[in-house]
Structures are given as C-alpha cells and as structure tokens.
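Please look at the sequence and the model first, then read on.

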Amino acid sequence: MKAIVCPRYGSPDVLQLQEIHKPVPKDDEALVKVVATSLNAADFETMRGTWAVRFTGPFRPLNKILGTDVAGTIEAVGRKVQNFRPGDEIWGDLSFPLRSGAFAEYVCIPEEALRLKPASMTFEEAAAIPTAAVVALQNLRAAAKSSISPILSADGQIQAGQKILINGAGGGVGTFAVQIAKLYGAEVTAVDSAPKLDMLRSLGADQVIDYTREDFTKSERRYDLVLDVVGSRSIRSYRRVLAPDGIFVLIGGSFGVIIQTFLFGPLLSTRGNKKTGIVPWGPNNGQDLAILAELFEAGQVVPVIDRRYPLNQLPEAMWYLEEGHAKGKVIIEVEQAGKTI
C-alpha cells in the first residue's frame, strides 16, 4: 500500500510517499481503508519534532506514519471484533494513545476506538471534524454554565450574552469554536488575519479583528472568556482584557506561553476571580462525536474546508497549513472513486 512516511524530524520535505506492507489487523482491530483525512497542528508539530513530541521520540518520530483524523470503510475485522463488520463506514481520531497512521491507504484501528460515520456526512466532512471540533467543544464546555441549545450540555461559566474572544479563529479549531460559542448565545469576537474575516462573519462572529492592524490585548474591551488557539503573548497580557470574573483558556501556542499557563495559571487564578488554565483533552470521545454529529445534522455546526490535496501532494499541503493561511480545514483525499490519488 501507499503511505506518507516521516522518517525523521524536519520540514515537509522530509515526508516521503512510499510503498509499504499493508497492515494486518490484530484480533481486536479492524482494517480500515482510508478515504479521507485532514491536517492538524499536531501533525506538523510531530513532523518538526517540537519539545512535547520529543518526550516520546527523542531523535525521530515514534510513529513514522502521521495523521490522526480518519474517515473510511472497514475492509476486514479481527476475530474478536463484535460490533463492526466489513463495509461499515467509520470516522474518528487516532491521537495518542493510538498510534496515528491516517496518512496511508490502510490503517488498523482497535474496536474500542471505532465510531460509525453518520450517513449524512461525506467522508471529507467526517475527516474534518474529529480532532478540531472535539477540541473546540471540550474547551468551550469546560467554561460553560448554561446552554440555549437542546443538544449541548454544560456546567461551567458561559451564559447567553457573555462576551467571548477567540484568537486564531480562522483555523480548524477556531472555526468550530465560533459556531459552538454562538450556540451558547455568546457574543463572539473573532481574531485572525484579514483574508479570513469575511468567512468568520459568515460563521456568526459578531465582531472581527485583524490582528495585523489591532492588538486586542491593548484594547479597552473586556471579555468573559478568551479562548486562544495560537497563544503567542504573555499570560498577563491575556488577563488584562478579562472581565472581573473572566476566564482565559489556552488551547495551543508557543512553548513559552504553554509553560507559563501550565505553571503559573493555577497561581494566578488564586488572585482575584479571573481564571487561567489549560483544559485536558479527551480525543476520540464517542459522546462528543455523537453531539457533533447531531449538531451537523441540524445544520448548526459544519466544517469549513479550505483546500483538498491528494495523498501524494501531502508535503505541499503541510507547507500550506504551516504558513497559517488555511481557512478552516485542509483535507487529504486518500481514495476517490476506488482509486488512490
């Protein structure tokens, strides 16, 4: 089978299209023919060998085939698999503790991690959702107190009418976060580059900010929640724009900001009523994917797909994503009309 292999850390140029052996499922696994996958920040962080990645692979990637979002069709099942059969269409997230592997024609997935794909979704739509949308949902729900949506449930801090700022709103996680925040009835301010602002308005953002022209951390406006996907400023600058009872949640960003938030967030949260922190992520959560499927079918949350690349052009797709210009998700088409491309 064909797969994109990452033999060492480096730029997208290290990625190689190789012919390798087709995997054989273990007793508790299914062999899945991958139809589509999508790119996430974690993919190029693994490819580049960032500090967190090197805890598991100090000198080279632990898993040489990257890719976590998966949508495809089961081709075969192990003898102990009970709830799935060949022909079933599945979707899901192969993030740790699973071993990734979606950038290939086939991947083996444990039965406990298999999720039936909603029939109303295309494979491309299904591949766009599992990582980014679940991250957005879990982070917003952790800060949510009540919901005007009959589908969402929460017990944190957000209430209808509260002001939420989403920094890095035009990417994969951000585009889902804007839509979900609007379901809570929040007033949403979306921050990103100018080419993405019209798209963010179309998703429901009430205000948009071009970060190249305005630094929101120096604004007089105050927010009940700041959700940051691309953290690149100090914790204090984020806390400056919080309302008296505001919350700052960091999803991603530079090494320095992550360490600041992890080490000093709890301490700062004890001073006054402003809260700062990082929400633990639970990948491939079946209940969360069911919620997102229901929201998708209701037309309330839909993936924004920017570009599509065939598998053999995945390095070009990674360069594009790393440049930061992608509006929403970048899809990799592994199989189309019975032919790998």
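Where is the place of P118? P118 sits in the loop between β7 (115–116) and α2 (123–128). The model is a predicted one, and what follows describes that model.

Is P118 buried or exposed? Its relative accessible area is 12%, and because buried means under 20% relative accessible area, P118 counts as buried. Leaving aside neighbours within four places in sequence, P118 is in contact with W91, A293 and E297. P118 and A290 are 172 residues apart in sequence, yet their C-alpha atoms are 8.9 Å apart in space. One of the contacts of P118, W91, is also the bridge partner, in β5, of A71.

**The chain as a whole**

The protein chain has nine helices and 17 strands. Of its 341 residues, 54% count as buried. Among contacts between residues at least 6 apart in sequence, 67% join residues at least 24 apart.

**The parallel sheet**

In what order do the six strands of the open sheet run? The order is β10-β9-β8-β11-β12-β13, and the pairing is parallel. The edge strands, each of which pairs on one side only, are β10 (207–210) and β13 (275–277). From one strand to the next, the twist averages 15 degrees.

Strand β8 (residues 163–167) is joined to β11 by four bridges, and the two run parallel. Within this pair, L165 stands opposite V226 in β11. Strand β11 covers residues 223–228 and includes D228. With a relative accessible area of 0%, D228 is buried. Apart from neighbours within four places in sequence, the contacts of D228 are N167, Y238, F248, V249, L250, I251 and G252.

**Antiparallel pairs**

Other strands pair in the antiparallel sense. Strand β3 (residues 29–38) is joined to strand β4 (residues 69–77) by six bridges, and the two run antiparallel. In this pair A30 stands opposite V77 in β4. Five bridges then join β4 to strand β5 (residues 89–93), again antiparallel.

P97 lies in the loop between β5 and β6. A cis peptide bond joins F96 and P97, with omega at about 15 degrees. S100 is found in the loop between β5 and β6. The phi of S100 is near 55 degrees, a positive value in a residue other than glycine.

Which residues lie nearest the centre of the second largest pocket? They are R99, S100, G101, V107 and C108, out of 21 residues that line the pocket. About 460 Å³ of space lies in this pocket. Strand β6 (residues 106–110) gives the largest share of the lining, four residues. By type, the lining divides into twelve nonpolar, four polar and five charged residues.

**Helix α9 and other places**

In helix α9 (residues 314–322), the residues L314, P315, A317, M318, Y320 and L321 are buried. What do the buried residues of α9 pack against? Their partners are β1 (2–5), α1 (41–48), β14 (305–310) and β15 (329–333). After α9 comes G324, whose phi is positive, near 85 degrees.

R141 belongs to helix α3 (residues 130–142). R141 and V279 are 138 residues apart in sequence and 9.8 Å apart in space, C-alpha to C-alpha. N284 is found in the loop between β13 and α8 (286–297). The phi of N284 is near 55 degrees, a positive value in a residue other than glycine.

The table gives the accessibility of single residues discussed above.

| Residue | Relative accessible area | Class |
|---|---|---|
| D228 | 0% | buried |
| N284 | 6% | buried |
| P118 | 12% | buried |
| S100 | 16% | buried |
| R141 | 22% | partly exposed |

Why is R141 partly exposed, while S100 counts as buried? Buried means under 20% relative accessible area, exposed means over 50%, and partly exposed lies in between. R141 has 22%, so it is partly exposed, whereas S100 has 16% and therefore counts as buried.

Conventions:
Residues numbered from 1 in each chain as written. Predicted model: local features only at pLDDT ≥ 70, side-chain atom pairs only at ≥ 80, totals over all residues. Heavy atoms only, no water. Buried < 20%, exposed > 50% of the residue type's maximum accessible area, 1.4 Å probe, protein only. Contact = heavy atoms within 4.5 Å. 1 Å grid on protein atoms, 1.4 Å probe; cavity = no way out; pocket = protein on both sides within 12 Å on 5 of 7 lines; lining within 4 Å. Points joined across faces, edges and corners; volume = space filled by probe spheres on them. Nonpolar A, V, L, I, M, F, W, Y, C, P; charged D, E, K, R; others polar. Pairing = 2+ DSSP bridges. Axes fitted to C-alpha atoms, helices over the stretch in contact; angles between N-to-C directions.
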